[in-house]
Amino acid sequence: MNFPILSSLILLPTIGALFLFFTKSNKENNLTVKYVSLFTSLVNFILSIYLWILFDQTSSEFQFVEDRVWIENFINYKVGVDGISILFIILTTFITPLCIISINNSVKNRLREFLIAVLIMESFMIGVFSSLDLVIFYLFFEAGLIPMFLIIGIWGGERRVYSAFKFFLYTLLGSVLMLVAIISIYWITGTTDVIQLYELGIDTKYQNLLWLAFFSSFAVKTPMWPVHTWLPDAHVEAPTAGSVLLAAILLKMAGYGFIRFSLGLFPMASEIFTPLVYILSVIAIIFTSLIALMQEDMKKLIAYSSVAHMGFVTLGIFTIQQQGIEGSIIQMISHGLVSAALFLCVGVVYDRMHSRLISTYGGIVTIIPKYSVLFMVFTLAALGLPGTSGFIGEFLILMGAFKDNFLVAVVASLGVIIGAAYMLWLYKRVVFGKLVNSDLKQMVDLNKSEIVILTCLAIPTLFFGFYPEPLINTIEVSISDLIKSYNIQTASNF
Amino acid sequence: MENLELVFPEIFLSLSIMFLLLLGVFKKNSSTIIQNISIIVLLITAVITFNETIGVDETKLFNNSIIVDYLSSFMKIVTLLAAFIALIISSNYLKTFKIFKIEYPILILSSVLGMIIMISSNDLIVFYMGLELQSLALYVLATFNRDQIKSSEAGLKYFVLSALSSGLLLYGCSLIYGFTGSTNFDIISNQLNSQEYSLTFGIVFILVGLAFKISAVPFHMWAPDVYEGSPTTVTLFFTMVPKIAALTVFIRFLYVPFFNLIDQWQMILIFLSIASMIFGAVAAIGQKNLKRLIAYSSISHIGYALAGLSTGTNEGIQSSIIYITIYVLMNLGFFSSLLMMRRDEKYYETLDDLSGLSKNHPLLSISLLIILFSLAGIPPLAGFFAKFYVFKAVIEQSMYFLAIVGLLSTVIAAFYYLRIIKIIYFDKEKEKYDGDNSFWLKFSLTVSTIFILIYFIFPSQIIDVVSRINII
């Protein structure tokens, strides 16, 4: 395989963004600009599907590896995918075009700049998921802050400045410690190449501190309780497309990082810190679910539900069981689809009524029925109804958790019930009930592009809910291999 | 006298200064000519330096009081090029304030001459001579806009405090002479044994003097006032060129004669570095004037460069040099954009002036955005790599405390850079500025922005160049 498919995936959106940069920004160009970016991201999506087809599911080796000297005797530009990362790449390339279609209404001014930011963001995110060198990973991981900061800050709501700063500084603070850890790893082992590090292993006496440094970064990004407070702010203030990107892709970087680096590089430390992660995850699940129950702002409610869902993800990852980690990955994919869709649903009514408060709405089922149906699909997926992808994820995670720690699993299961409560209550208050607010009567049902986007998201949600085989087949071998080497390393040390 | 060609740069520069002075005296209205000739002189000197000295093995001249090696040649070229650009983009600003006079380029040239003498000094007396030559020229430059009270105040303040620090420095030199019997770096180095604690006094005094010149905390008090009061083009010069020279002297002084006493000075350097990083970051948060803000930001950047020096390894020195080089480029870009913006004969100096700049001037704003993110050290921009190399050198010496403090202070520093970005991008716009669109301003802004942006594609080039610097 000579064609550098991963590098093309990373570069293509940037090239599209460069092209946009050199077009004139005026009203007449808006349509061209939009089609160019849509075209770029669709080509990228097709390329990533092609990657999935070529991908050999029976092997846990890294595939499509490209290795080039970047800084001599120090860092190589190395990218590659295995079963774990390929799904995230596809999720990224799938969500980006939908985002671009969705910005009809939410972004009024500076459309060109917005699209440039979105495309560059896509490049960085694919880079994060495909890099096989710690420094390259850090580079992409941090670089993603710049476009997101601008997306929240320029196109966001009233308190956008506060939220953008909070987002940026929180995540930056988390990740500088990871940089120290990465340089230390280089100093200890003489390489930052992930594949080599997997083989070499890292001396046990260093693992705890290094694990904590990585954890500080991933915990903020995930976000885990108690450093989750930036997320609701960022979500509420970001424009719809920004929230979608943030929820669907950015949050997945940390989950991916936990699996790839925390488990892969520091198994001993992961073993030691598993109780910590369990406790934080369970608190996140219960505590943020309860907070979500009390929210009056729809976006905030979904943001808190994201924290709770990510709590399940971290719980699943640290069960170190086949089912648990598989469940976590499927939960992340599913959350990527569902939370994106929910934010878009909120965006739809916000564009019409300019209010995100739940109390504004009520009884809209008769006015906009198509919307109500699709919204229901995603509500049910978010609470994990069997037949939706959300169920598969949560079920597998809880199964893994029961194998590992009964108490934690029981408490986490309670979270599922509260989750169902807040989602159904939200749906009930928005869609059903009496039509009190007479302004709502003027609402128009979904237009074509909105239907296209939401159906595009609904189809995989339902499809993978009934038939998760393609996902599980892709990740199975990689995960079982990861767990095998994890168990060998921890067994030999205890 | 053999090897005289190695000091051709200094000789050529001195002769040019004298010639230009005479030209200025005897020919009326010669400011433009002198400005242009000075620019060319700086370029030619850089070329001479490159041709005559870059490949030469370490050579000492004039009773070992001048040293020419790769470090000195590299730093001289960086100094000369930085001064070249600083001068070339300053004409329009000076004309606006009606201070476009013959003295300006000549003073710049004299201070540059002082700096390149400092850079290749291998003797305390030669070093002090160069230092005073550059300082005296800089005092006058600070007051160059003498009709403005702030400018005069800046110059006076700089003069008084700088004279004090020179005094301390000289006292340190005399102590060292007293204990070792020589002013020559090589002889001092041979005379030393690591038990000689009395020498530490001398080192401390000299370090204080040098720390003052590069405005490291706690000897930074003058910097914000002087940077604010001086004409912007002079501030640009202050933030870059003297720092390159002083940093070279730092390297030479600590690593050649006093390397054996590393236990003594390492702690001082670590303190200077940590204090500068934190103080620079925290103090800049409250600033409203852009030049003051840049003063504090330059204080914290010097902190990072010193962090590299404090490691006591070749990697550390190299990382500091890379840091200061990238810093110079970023600063150049930032000041070029500052010099572009003026309305009604008034240049933009406060943060509020930048409000909503991105609406009317998208290209300038995107350059500023890139430069500011780079100054904040966010990957994948050049500023990140500068910090990355420094912290790599620091962590290789297991100085984790320094590394963690340094990285945490980048987060604090990120706040005020983000604030500028916020003002440019998120705030309400003002009317267009009637800008200065001279070719050279655009040129230097574009070059530095593109360099910062695409540095990550070829990061090894600078390392290759710098890795030839081996002091120890």
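**Notebook: two chains of a predicted model**

I started with helix α17 of chain B and found it mostly covered, with 14 of its 15 residues buried. I note here that the model is a predicted one. I then looked up the length of α17(B): its 15 residues reach 21 Å from the first C-alpha to the last, close to the 21 Å expected at 1.5 Å a residue. After α17(B) comes Ser398(B), and its phi is positive, near 60°.

**Cis peptide bonds in chain B**

Pro380(B) sits in the loop between α16 (362-376) and α17 (382-396). The peptide bond that joins Pro379(B) to Pro380(B) is cis, with omega about 5°.

I wrote down another cis peptide bond, the one between Val217(B) and Pro218(B), where omega is about 5°. Pro218(B) also belongs to a loop, the one that runs between α9 (199-213) and α10 (222-229) of chain B.

**Positive phi in a chain B loop**

Next I went to the loop between β1 (59-61) and β2 (66-68) of chain B, where I found Phe62(B). Phe62(B) is not a glycine, yet its phi is positive, about 50°. Asn63(B) lies in the loop between β1 and β2 of chain B as well. Asn63(B) has a positive phi near 55°, and it too is a residue other than glycine.

Is Asn63(B) buried or exposed? I counted Asn63(B) as exposed, because it has 9 C-beta neighbours inside 10 Å and the cut-off for exposed is 12 or fewer.

**Leu164 of chain B**

I then picked Leu164(B), which is part of helix α7 (residues 149-180) of chain B. Leu164(B) is partly exposed, because 15 C-beta neighbours lie inside 10 Å. How far apart are Leu164(B) and Phe212(B) in space, C-alpha to C-alpha? I read 9.7 Å for this pair, while the two residues are 48 residues apart in sequence.

**Where the chains touch**

I turned to the contact between the chains. Chain A puts 25 residues into the contact and chain B puts in 23 residues. On the side of chain A that touches chain B, at least two residues each come from β1 (63-71), α5 (134-143), α6 (145-155) and α7 (160-189). Which element of chain A gives the most to this side? It is α7(A), with 13 residues. I sorted that side of chain A by class and wrote down 20 nonpolar, 2 polar and 3 charged residues.

**Chain A as a whole**

Last, I went over chain A from end to end. I listed 19 helices and 2 strands for chain A. Its radius of gyration is 22 Å, close to the 23 Å that the globule rule gives for 494 residues, so I noted chain A as being as compact as a globular protein of that length. Along the principal axes, the C-alpha atoms of chain A fill a box of roughly 70 × 55 × 40 Å.

I also looked up how much of chain A is covered: 59% of its 494 residues are buried.

How values were computed. Residues are numbered from 1 along each chain as its sequence is written. Chains are lettered from A and ligands numbered from 1 in the order in which they are written. This is a predicted model: local features need pLDDT of at least 70, side-chain atom pairs count only at pLDDT 80 or more; totals for chains, interfaces and linings use all residues. Helices (H or I, at least four residues) and strands (E, at least two) are DSSP runs, numbered from the N terminus. A residue is buried if 20 or more other C-beta atoms lie within 10 Å of its own, exposed if 12 or fewer, and partly exposed in between; C-beta atoms are placed from the backbone. Two residues are in contact if their C-beta atoms, placed from the backbone, lie within 7 Å. Ala, Val, Leu, Ile, Met, Phe, Trp, Tyr, Cys and Pro count as nonpolar, Asp, Glu, Lys and Arg as charged, and the others, Gly among them, as polar. The expected span of a helix is 1.5 Å times one less than its number of residues. The radius of gyration is taken over C-alpha atoms; the globule rule is 2.2 Å times the number of residues to the power 0.38.
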